[in-house]
Amino acid sequence: MEIEKLAQKIDGRIVLPTDTEYDTLRSIYNAMVDKRPKLFVKCKNKYDVVQAIHFAKNNSLEIAIKGGGHNGAGLALVENGLVIDLNEMKSIQVNVDSLRAVIEPGNTLADVDKATHEHGLALPIGVNGYTGISGLTLGGGLGFLTRKAGLTIDHLIEAEVVLASGEIVTANKNTNPDLFWALRGGGGNFGVVVSFTFNLIAIKNVFAGPMLWPLESANKVMNFYDHFTKNASQDLYGFFAFLTVPDAEAFPESLRNQKVCGVVWCYTGSMDEVEKVFKPIREFGPPILDAVTEMPLPALNSLFDWAYPPGLQWYWKGHYMNELTDESIKEHLKFANAMPTAKSTMHLYPVDGKAHEVALEDTAWAHRDVRWVQVIIGVSEDPKDKKVIIDWSRKYYDAMIPYSSGGGYVNFMMHEDQNRVKQSYKDNYERLRIIKKKYDPENFFHMNQNIVPSA
Ligand SMILES: Cc1cc2nc3c(=O)[nH]c(=O)nc-3n(C[C@H](O)[C@H](O)[C@H](O)COP(=O)(O)OP(=O)(O)OC[C@H]3O[C@@H](n4cnc5c(N)ncnc54)[C@H](O)[C@@H]3O)c2cc1C
């Protein structure tokens, strides 16, 4: 049997629909995704990945690559195909002298934070510990350090990649520079990344946390937030949110279940300056909750993990945005008041500061000139809410089109958004198509926000 032969060739193992582990593996972060692959190849190393690719080709199977399995669109799985599951490739080597980390693709952001923080170092990553480092990096990588240190891809210095041909290659600024360019934002289109090498920065503790205001004052808060952050130093980051205060002990009883607006701050400058930096924010309109305090960076990066565990229903859509006009705020407020479930939310993630210092054409990530990535997130524990969360997200998204600067962040798209991929890469799209043709002419890697090879 072909599958038995594959099993003998790899150090990892194969999981089939008849195995007890199968349902656990096909249950990814977004419980709305229900796909049944033919087999999972649980790879232990890059040579297993090569074998999995040859097997898929010889048996005409579609493939998916599973990093952290966190992608909202469920791109980590493929119906009736072969999943290259990287979850057990979890080595992280931190070199404190060169300030570098070599990270295998099965790590989550929490794994990365843990390994770097103990040395007083950090990689700019995202705001949820369950997210996989692979998909996050290949799509760009936004988070609390974006204004201070740029995107995750701005710290990538080398990747080792298994191509569609099965060849293992290195990509950095001197070797296969075109591939290296494409990997920094182009998603999983070009091959399976089996190792990432990043530059780290020295950060241990931050002054951070959420401040909340009543939804009735959202207009004032959004205006203040817009103007204040525009002129703030790169040491200050804050993402804006509409949310419902969780019904949890950590929050005052009087606020629980209230719809509010808020900003989650992260200050990385001198602790002596903290009072001065936050004074105007605290004075502008005293927040109804102020939980900003000193904490280790990994605590901030996983602050909301308890509220958003794996296994919820997720549906999201997003835009790139440049401004918060009175008119757009009116529309935002309509949808904030109509958030359909307690976990549904909307975030505006800043993309300015250090991220603006890299030229648009220097990496595949083509929208560095915007101020925010917007994400509209419909979430519920209850599968019965599927329709209401989808309806709310789509209508909110449609209402924002006039205020969008075009395209969307590929890591915040559902699979139905394929028609937006071109817009999302803007002037970089044709270059990406040429590189795709060189490294993956048959579009073998297509379970992603797909870049079609040039003709
Ligand atoms: C709760 C939550 C919070 C988030 N917060 C942030 C945030 O703060 N900042 C941010 O930028 N994004 C954020 N995201 C989005 C996140 O970056 C994407 O969902 C990303 O795709 C997750 O990566 P993954 O490895 O877990 O995904 P997977 O679902 O495993 O894979 C996603 C895609 O990447 C491809 N891929 C994965 N690994 C590899 C590899 N090694 N080689 C080649 N291709 C690969 C897959 O084929 C697939 O197309 C968040 C998502 C969620 C659900």
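## A ligand and its surroundings

A backbone N or O atom of Gly-67 sits 2.7 Å from an oxygen atom of the ligand, which makes it a polar contact (a pair of N or O atoms within 3.5 Å). The protein covers 97% of the 960 Å² of accessible area that the ligand has on its own (Shrake-Rupley method, 1.4 Å probe). Keep in mind that this is a predicted model, where local features need pLDDT of at least 70, side-chain atom pairs count only at pLDDT 80 or more, and totals for chains, interfaces and linings use all residues. Residues are numbered from 1 along each chain as its sequence is written, and side-chain values use heavy atoms, with hydrogens and water left out.

**Around the ligand**

- There are 34 residues around the ligand (a heavy atom within 4 Å), and Gly-67, Gly-69, Val-127, Leu-142 and Tyr-409 come nearest.
- A polar backbone atom of His-70 is 3.1 Å from an oxygen atom of the ligand.
- A polar backbone atom of Leu-142 is 2.8 Å from a nitrogen atom of the ligand.
- The shell splits into 17 nonpolar, 16 polar and 1 charged, with Gly counted as polar and Tyr as nonpolar.
- Helix H5 (133-139) gives the most to this shell, with 4 residues.

**The second largest pocket**

- This pocket has a volume of about 280 Å³; a pocket is an open set of points on a 1 Å grid where a 1.4 Å probe fits, with protein on both sides within 12 Å along at least five of seven lines.
- It has 18 lining residues (an atom within 4 Å of a point), and Ser-27, Lys-66, Gly-68, Gly-69 and Asn-87 are the closest to its centre.
- Domain 1 (2-85) and domain 2 (92-202 + 425-439) both give residues to the lining, so the pocket lies between them.

Conventions:
Grid points are joined across faces, edges and corners, and a volume is the space filled by probe spheres set on the points. Domain bounds come from an automatic or database domain assignment. A polar contact is a pair of N or O atoms within 3.5 Å; within protein, one must be able to donate a hydrogen and the other to accept it, and residues adjacent in sequence count only if both atoms are side-chain atoms. Helices (H or I, at least four residues) and strands (E, at least two) are DSSP runs, numbered from the N terminus.
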